[in-house]
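Q: I have a new structure open and want to get my bearings. Can we go through it piece by piece?

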Amino acid sequence: MVVASWLGGWRRVAQASGMALGLHGLTFLLALPFAMLVRDQIAGQLGSSLAAGAVADGVNYDWWTEFTAQATGLGATFTPSIIGFASTLDAVSRVLDARYPSTALMWLLGGYLALWTFLSGGILDRYARQRRTRAHGFFSASGRLFFRLARLTALGGIVYWVLFTYVHPWLFLDLGGDLTRGLGVERTAFAWRLLFYLLFGAALLKINLVFDYARIRLVVEDRRSALGALRASLRFLWHHPLDITALYALDGAGFVLLLALWSVAAPGVYGTGLAMWLAFAAGQLYLLARLAIKLHFLASQTALFQSHLAHAAYAAAPAPVWPDSPAAELIKGA
Amino acid sequence: MRRPVLLSIVVGVVLIAAADHAGGQPQKAPPAAPLRAGVQTFDQPLPEALSPRNASYDITVQLDPVRKEIKGRETIRWRNISAATTSELQFHLYWNGWRNTDATWLREDRLRTPASPRPRDRIRRPEQAGASDVTSIKVTPAGSAASDLTAAIRYLAPDDGNTADRTVMAVTLPTAVGPGASVQIEIEWTGHIPFAAWRTGWIADYFFFGQWFPKIGVLEDAGWNTHQFHAATEFYADFGVYDVQMTVPGGYKVGATGREMRRVDNADGTTTHSYHADDVADFAWTTSPSFIEERRAFNHPRLPSVEMRLLLRPEHRGQETRQFAAAAAGLEYYGQWFGPYPYGNITIVDPAYQSESDGMEYPMLFTGRATWLSPEKVSNTPDSTIIHETGHQWWYAVVASNEFEHGWMDEGINTWATARVMEETRRPNMLAVRTFGTFIPYTLDVPLSREVSGNRMPTYRPDAESDAQTTPTFRYWPRSANAITYDKTALWMHTLERHLGWTTMQQVMAAYFDRWKFRHPRPQDFFQVVNEVSGQDLTWFFDQVGGSNTFDYAVQELQQEPAAQGRTRAVVVAQRLGEATFPVDVVTTFADGQQATEHWDGKDRRAVYTYERPARVTRVEVDPGHVLLLDVNRTNNSRTTQPRAAEAARKWSLAWMVWLQELMITSGIFG
């Protein structure tokens, strides 16, 4: 059942490949204006300086430190961590080390999450139905489910906030501090940290699973109550822990494999012209793969949940249809 | 972490092998000018000695590793080498800096790290506090009977009046001690070893003892110079001869200032290690049963041989060659540039993780800084740290300036020298991004330059105006003290090097070392040597860098318009944006390859140059040779008619965009 769900997940992602492309296009369009802002900051700082030559042809850390010292807002996030695979490590490390982004970045990511919440209704609906819903069906489902999913996201926000604001410092600083303060060997301290990462990661994954299946049940069963969906999700997790964990592990393996490939292929420092565009294209391909894997998590989990129902393609809500033209009403009533 | 550390060993071997070819031929120091009055009028070396040897110590100390305690007894033979008569003696009790949370050191430390989510509470539990409790003090003036002054002990707070601070102890003498007179002081004390405090203490099975014994202050012509222990400063002491017997549990390895003379296994299972050191101003030691001991010889055709001893932590096994190579590079280059290392042996201590004793210098012994994962292309640790601490044997151990008041004279000069050795040895020096609680380094193909990274411009820049360097170091704002002490000095020393040329600069430093070795120079003593050897009056420069103003020169404008006979009239405006001044060149390049170089004294706010030439101007540069390394904004120092900012900005903004998109996708796990 797990493997079938995993394969079924890929089938659903492939059948709706336009969603991955659409989502990628969305992140692209969302990021583009901010990238232009950063571009303008860099260009403004460089002005007509000769320093631009070295910055264009490769990397000039001397200049970089100067830029960072002067940059404001999102420009301040332009650090060497953006280079190649360092970017990926930094992103994962940020989550596990509970490093909060800057205020400007927080707003931006908050906006992205709101948009994602809106779209996730349509995405899950599409994966649950396993047939084309077209744009009007997708957005109709997104709109219909948005406020329910938003309530769920808000509940999730509270849980994540508690996790990152209280549990993480307690685990890594209080408990971790007490356990590692007297250690004189770095490797041992790192081993402890790995254990804390495992514990924290397990908590994070568990919460993710609860909210993932809550979203799935909310959409598939057309539930209106976010709390009810959460309770239903917990029941599902309680009754099928092995299937759920095994599937998550399989999905996670795909993510790890992608990171391993990217660690080798990620372009480091390059010049302008073709090299720049090739590096950018490689980055976009990687991001597309990341999105596909993210969607596969949802699709395979939806498949697993539905496989436990009497009817594997069950979706409670009627398929959204485009409303009839008012003219039809007139003809019908004539 | 792209590659394992293995290649660094190869690099280290190659560096040792190539060491003979380092840095061209150093110049011998020119004959020293007649001596002038320094801090102490009588600080000339004793006959047959390198130093005045006016503060010598015989110490016996026993470590109790379970109680985290030492019991010590010392005899100080002190001679008054100042022109002043004193009726009291003053001593440092540094470990009292962690005796209570109101001690000056801890008060200042809290100012230094206010934003930490968990304030650095160094004495969470009483047993983790440090303290020096003097239980007995007896003073015996020459030719007189001993006086027990224990009951007369009092504590001074000359810097901030903090009555809770007990880092300076004083006793009034029964009879005054005049210039040239001597006294013998016997002190018994108990030291409560702090837990991993700053530069000293214990962690796990590792013990490091720095500033651990009651230490007499420095009596200058103007009186006692005995500062309290401060969070942003270091130390100051007179030279002497040390005989120290340390008793530790059997099986514990010991490293210490000086040379081991004797080792006796006692009946109670302990071992007593006896060390002797001549002409040193301090004594530090370490002990741990876990150390791996390695020895190598430093040999050089033009320098005295040095026996190098490394006490390595087991988790850093495999880094031996790299650590020895870094120390050897220091001994070689500093030896050639400044003067030979005067002691025959040196101990490198690889400190325990979290011990807080890393990167610290003592005479004939220093601690490095190593990490478990040390990519070979990243030279910050352990290479740079070891080179830096080796350099302190010249700037601190031998030329013993007052670190309380003029911290830049050792830390700053040494930071400049470290960066120069790093450059000379051509060590791969790439940027590493440290992730996952800083445990995991990821090496980027981003080279770090000596000019900016080596001299620490990135940390100087935001705090450039935080303090004037002429302010006594112990009064610096604790949070930005390092920027002024280390970074600014390295930047202006390198600026001076470029202004004078390396040959002259090397002569300056050799002369300064030769004149002030085993003495206590003040800033003006250094400035005087620079002026003498360079043949220039550079007072204006020292005045500029001694303040808190910043340097920033820029190209303000470039205007071009057609002139008669097909020529072009160009107006170049150079501007001084900072308050500090320095002479800079303004170089204008024309399309036909011709250049016009103007020497601007840099004093006015602007300098305007007008040219009428057959060719148009293609670029203007202020200080194209990057002589003024203190310039906090280099980007505005040039202007070109073929700017590439758009190209550069497009490239990097696209890379940033990928980073942002990835962050968005990663944040999707929360929604």
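Q: Where is Pro382(B) found?
A: Pro382(B) is in helix 4 of chain B, residues 380–391. Helices here are DSSP runs of H or I with at least four residues, strands are E runs of at least two, and both are numbered from the N terminus. This is a predicted model, in which local features need pLDDT of at least 70 and side-chain atom pairs count only at pLDDT 80 or more, while totals for chains, interfaces and linings use all residues. Residues are numbered from 1 along each chain as its sequence is written, and chains are lettered from A and ligands numbered from 1 in the order in which they are written.

Q: Which residue does a cis peptide bond join to Pro382(B)?
A: Thr381(B), with omega at about 0°. Most peptide bonds are trans, and most residues other than glycine have a negative phi.

Q: Is Gln211(B) buried or exposed? And is Arg426(B) buried or exposed?
A: Gln211(B) is buried, because 23 other C-beta atoms lie within 10 Å. Arg426(B) counts as exposed, because it has 12 C-beta neighbours inside 10 Å. The cut-offs are 20 or more other C-beta atoms within 10 Å for buried, 12 or fewer for exposed, and partly exposed in between, with C-beta atoms placed from the backbone.

Q: How is chain B divided?
A: Into domain 1 (1–31 + 291–548), domain 2 (39–239) and domain 3 (553–645). These bounds come from an automatic or database domain assignment. The C-alpha centres of domain 2 and domain 3 of chain B lie 56 Å apart.

Q: Which strands pair with strand 14 of chain B?
A: Strand 1 (residues 55–64) pairs with strand 14 (residues 240–249) in the parallel sense over six bridges. Strand 17 (residues 270–280) pairs with strand 14 in the antiparallel sense over nine bridges. Pairing takes at least two DSSP bridges between two strands. Thr60(B) stands opposite Gln245(B), and Asp243(B) opposite His276(B).

Q: Switching to chain A, how many helices and strands are there?
A: Twelve helices and zero strands. Of its 334 residues, 38% count as buried.

Q: Which residues of helix 9 of chain A are buried?
A: Ala226(A), Ala229(A), Leu230(A), Ser233(A) and Phe236(A). They cover an arc of only 125° around the axis, so they are on the same side of helix 9 of chain A. That arc is taken from the directions from the helix axis to the C-beta atoms.

Q: What do they pack against?
A: Helix 7, helix 8 and helix 11 of chain A. Contact here has C-beta atoms, placed from the backbone, within 7 Å. The face turned away from the buried side carries the exposed residues Leu227(A), Arg235(A), Trp238(A) and His239(A).

Q: How many residues does each chain give to the contact between A and B?
A: Chain A gives 75 residues and chain B gives 71. Helix 2 of chain A gives the most to its side, with 13 residues.

Key:
Contact = placed C-beta atoms within 7 Å.
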